[in-house]
Amino acid sequence: MRLIPADHETKMRIVVTAEMTAQFEEMGEVHPVYATYWLTRHMELAGRRLILPFLEEGEEAIGYEVTVRHLASALPGMWIEFTTQYVRTEKNRIYVQCQASSQLQEIIGIGQTTQVVLPREKLQAKFATLIQRWKPLQM
């Protein structure tokens, strides 16, 4: 893994769609606003985008932890900008801070993501083992 500069920051913008509102299977739409689980997903994506340029050939990153505080609502059609900032690296874990702001200039969410960097072959072997353990149960 290449060294990530202490002040490294990225931005990512999305537009909230109707699909991104709070909906729960048989309950249908619960609230007509941007759902917390979509906020979490977009924070993880934004954090991953920050670290990808620093992975070496043969390395892969996998999600380890996401913490999110959902502070305000956003409606379908509004854009949300995610600002990510590198926090630190501890061994093979990369910590990234994230803030989500709406086009109304409101902070709608804050959080942190942690990605674990592993050799790609090791990660693929772990997935292969998981598949083999699960196969007998698919009857």
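The following numbered points describe a predicted model, taking in turn its sheet, its helices and its salt bridges.

1. The sheet. Five strands form an open sheet in the order β1-β5-β6-β7-β4, and their pairing is antiparallel. Strands β1 and β4 stand at the edges with a single partner strand each, so one side of each has no neighbour in the sheet. From one strand to the next, the twist averages 25°.

2. The pairing of β4 with β7. These two strands, β4 and β7, run antiparallel and are joined over eleven bridges. One point of reference along this pairing is Val66, whose bridge partner in β7 is Thr113.

3. Helix α1. This helix covers residues 36-51, 16 residues in total. The distance from its first C-alpha to its last is 23 Å, close to the 22 Å expected at 1.5 Å a residue. Helix α1 lies across β1, β4, β5, β6 and β7, and runs at about 140° to β4.

4. The buried residues of α1. The buried positions in this helix are Trp38, Leu39, His42, Met43, Ala46, Gly47, Leu50 and Ile51. In an α-helix there are 3.6 residues a turn, so residues three or four places apart point the same way. The buried residues of α1 pack against β1 (9-15), β3 (28-34), β4 (59-70), β5 (79-90), β6 (93-102) and β7 (107-119).

5. Helix α2. Residues 120-134 make up helix α2, and Arg120 lies in it. The helix lies across β4 and β7, running at about 95° to β7.

6. Glu60 and its surroundings. Glu60 is found in strand β4. Because its relative accessibility is 18%, below the 20% limit, Glu60 counts as buried. Apart from neighbours within four places in sequence, its contacts are Arg48, Leu55, Val116, Val117, Leu118, Arg120 and Leu123. The side chains of Glu60 and Arg48 are joined by a polar contact of 2.6 Å.

7. The network around Glu60. The model has five salt bridges in its count. Side chains of opposite charge can pair when their charged atoms come close. Arg48, Glu60 and Arg120 are linked in a network of salt bridges. Within it, Arg120 forms a salt bridge with Glu60, the closest N and O atoms being 4.0 Å apart. Arg120 lies in helix α2 and Glu60 in strand β4, so this pair ties together parts that are 60 residues apart in sequence. Arg120 is partly exposed, with a relative accessible area of 32%, whereas Glu60 is buried.

8. The salt bridge between Glu81 and Arg13. In this pair, the closest N and O atoms are 3.4 Å apart. Glu81, at 21% relative accessibility, counts as partly exposed. Arg13, at 47%, also counts as partly exposed.

9. The salt bridge between Arg88 and Glu90. The side chains of these two residues meet at 2.6 Å, N to O. Arg88 is partly exposed, its relative accessible area being 32%. Glu90 counts as partly exposed as well, at 38% relative accessibility.

Conventions:
Residues numbered from 1 in each chain as written. Predicted model: local features only at pLDDT ≥ 70, side-chain atom pairs only at ≥ 80, totals over all residues. Heavy atoms only, no water. Helix = DSSP H or I, 4+ residues; strand = E, 2+ residues; numbered from the N terminus. Expected span 1.5 Å × (residues − 1). Buried < 20%, exposed > 50% of the residue type's maximum accessible area, 1.4 Å probe, protein only. Contact = heavy atoms within 4.5 Å. Polar contact = N/O pair within 3.5 Å; in protein donor to acceptor, adjacent residues only side chain to side chain. Pairing = 2+ DSSP bridges. Axes fitted to C-alpha atoms, helices over the stretch in contact; angles between N-to-C directions.
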